[in-house]
Amino acid sequence: MKPIQVGLIGLGTVGAGTFNVLQRNQAEIRGRAGRGIEIAMVAARNAERAKAYQAIVGDAVPCTGDAQQLVNNPAIDIVVELIGGIEPARTLVLQAIANGKHVVTANKALLALHGSEIFAAAREKGVTVAFEAAVAGGIPIIKALREGLTANRIEWIAGIINGTTNFILSEMRGKGLDFATVLKEAQRLGYAEADPTFDIEGVDAAHKLTLMSAIAFGVPVQFDKAHVEGISSLQATDIKYAEQLGYRIKLLGITRRRDNGIELRVHPTLIPASRLIANVEGAMNAVVVQADAVGTTLYYGKGAGAEPTASAVVADLVDVTRLATADPDHRVPHLAFQPDAISNTPVLGMDEVQTAFYLRLVVADQPGVLSRITTILAESDISIDAVLQRESADGERQTDLIILTHDTVEGRMNNALAKMQALSTVLAPIVKLRKEELA
Ligand SMILES: NC(=O)C1=CN([C@@H]2O[C@H](COP(=O)(O)OP(=O)(O)OC[C@H]3O[C@@H](n4cnc5c(N)ncnc54)[C@H](O)[C@@H]3O)[C@@H](O)[C@H]2O)C=CC1
Ligand SMILES: N[C@@H](CC=O)C(=O)O
Ligand code: NA
């Protein structure tokens, strides 16, 4: 059978990785896909990359600077979008779909914001939009959630789904390096987004979490409802105290089914140091899924970088090649659930989220301070798990008071915090971090 014809837009980190993997493993890939997968055209903005690429493939495969030419080329069956960002990616993807082409993309930002529009357009035209690379890079987590766990009622998902921030946290903790140095290294290694604030402020993780939540719970993609907090205000003191209490701090994406809705949140989180996920270091990603039949499963691997991400892009190309001749109505639905089974279960506001807390208070070193604080917690019906008192680095007349609580509702905790903050013996803004046992 004639090889399937692929148009590749973007020859950056992932684009070049995809080209390399397709070239290197073409015989195996053909065996698995049932026919060859051939790059028929490339669109690239980076002149140097385009030249290097052209030197490898010669003139047989045209390389254009105008991606519109590629998506409108009738010879192309599958468009691979690897440029990132919203525009022109959105227009190009919709144009490719309108032209009846399947799409493979690694663009989580695009799908988290415009997934509903894109998947609806694809359904209408009977084409597939595959996006394994968009969540946790090379880890086949979309496949696992959408197909492998399809028998289950998923209860919650918690994941380290941003390699850059995990790399930063690990290097700072392990080697004592400063934030800016480690971020530069993450950029050099190709982990970071074009705008690294997306990584650092938790936005990239929230994009990925939004997609997993939709697939797990049969709800639309709704990034605008996600709670997003990154690592920029995380302090070394809290990492140290967390360790003393037997916890590690990781930037986690958590989505959980509750009776009254779905939690969708990204924030630094204390996790017991004994959990496997607490020991995931560097740019590695890990996703824990709790489901009713199978119990807990853990997916671990490289979530960023050229070839790990290309592994997922090429796997999608093989899937789409296998599916290309299948009846569109019987393909795996984009978001796992059939369109008429997508529910409008609400995403809960943070006030309604249930979690445990780590609090650090800088308090005056005098009698009665601790009891006033514990009274406020008791009156708020918040129960204490552990208390640690340490000499404060900043002065003799003050002390650091670290409190771990059991699960409560965040709104209740915020009310109690306001009362504590108003005490004259509380000398600095209280640090509040969330804590999850993940069991
Ligand atoms: N780098 C990584 O580890 C991962 C990246 N991703 C996603 O993959 C996508 C690509 O990321 P990277 O390869 O890291 O980015 P990159 O910045 O290295 O590459 C993007 C390339 O697209 C080119 N480009 C931009 N606009 C273009 C246009 N209109 N036509 C043709 N070429 C154009 C740029 O010149 C650049 O070479 C993004 O959506 C990113 O979020 C997903 C998982 C991991
Ligand atoms: N910037 C992302 C790349 C992969 O999605 C990350 O650091 O994880
Ligand atoms: Na993946």
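The protein chain contains 15 helices and 17 strands. The structure is a predicted model. Of its 439 residues, 48% count as buried. The C-alpha trace spans about 80 × 45 × 35 Å along the principal axes. A compact globule of 439 residues would have a radius of gyration near 22 Å, and the 24 Å of the protein chain agrees with this. Contacts that reach across the sequence were also counted. Among contacts between residues at least 6 apart in sequence, 75% join residues at least 24 apart.

The domain assignment divides the protein chain into domain 1 (4-138 + 307-341), domain 2 (141-302) and domain 3 (353-435). Between the C-alpha centres of domain 2 and domain 3 the distance is 26 Å. Their contact involves 15 residues of domain 2 and 12 residues of domain 3. On the side of domain 2 that touches domain 3, at least two residues come from each of α12, β9 and β10. The most are given by β10, with six residues. By class, the residues on this side of domain 2 are seven nonpolar, four polar and four charged.

Helix α12, one of the elements on that side of domain 2, covers residues 236-244. Its residues D238, Y241 and A242 are buried. These three lie on the same side of α12, because the arc they cover around the axis is only 105 degrees. An α-helix has 3.6 residues a turn, so residues three or four places apart point the same way. The exposed residues A236, K240 and Q244 sit on the face of α12 turned away from the buried side. Packing against the buried residues of α12 are the strands β9 (247-258), β10 (261-272), β13 (354-364), β14 (384-391), β15 (398-405) and β17 (431-435). Just after the helix, G246 has a positive phi of about 90 degrees.

In helix α5 (residues 89-98), the buried residues are A89, L92, V93, A96 and I97. Viewed down the axis of α5, they fall within an arc of 135 degrees and so line one face of the helix. G100 follows α5 and has a positive phi, near 80 degrees.

In helix α7 (residues 141-148), I141, I142, L145 and R146 are buried. The arc they cover around the axis is only 115 degrees, which places them on the same side of α7. The elements against which the buried residues of α7 pack are helix α11 (203-217) and the strands β11 (284-291) and β12 (295-302).

Two ligand sites were described. Around ligand 1 there are 29 residues, of which G10, G12, G84, A106 and A304 come nearest. The element that gives the most to this shell is helix α1 (residues 13-24), with three residues. The shell around ligand 1 comprises 14 nonpolar, 11 polar and four charged residues. Domain 1 and domain 2 both give residues to the shell, so ligand 1 lies between them.

Ligand 2 is surrounded by G137, N162, G163, T164, Y191, A192, E193, D199, D204, G303 and A304. Three of the residues in this shell are nonpolar, five are polar and three are charged. A304 was listed above among the residues that come nearest to ligand 1, and A304 also belongs to the surroundings of ligand 2.

A186 counts as buried because 24 C-beta neighbours lie inside 10 Å, where 20 or more are required. Apart from its neighbours within four places in sequence, A186 is in contact with T164, F167, I168, Y191 and A192. Of these, T164, Y191 and A192 are also among the residues around ligand 2. A186 and G282 stand 96 residues apart in sequence, while their C-alpha atoms are 9.7 Å apart in space.

Methods: Residues numbered from 1 in each chain as written. Chains lettered and ligands numbered in written order. Predicted model: local features only at pLDDT ≥ 70, side-chain atom pairs only at ≥ 80, totals over all residues. Buried ≥ 20, exposed ≤ 12 C-beta atoms within 10 Å, placed from the backbone. Contact = placed C-beta atoms within 7 Å. Near = placed C-beta within 6 Å. Nonpolar A, V, L, I, M, F, W, Y, C, P; charged D, E, K, R; others polar. Helix = DSSP H or I, 4+ residues; strand = E, 2+ residues; numbered from the N terminus. Arc of directions from axis to C-beta. Rg over C-alpha atoms; globule rule 2.2 N^0.38 Å. Domains from an automatic or database assignment.
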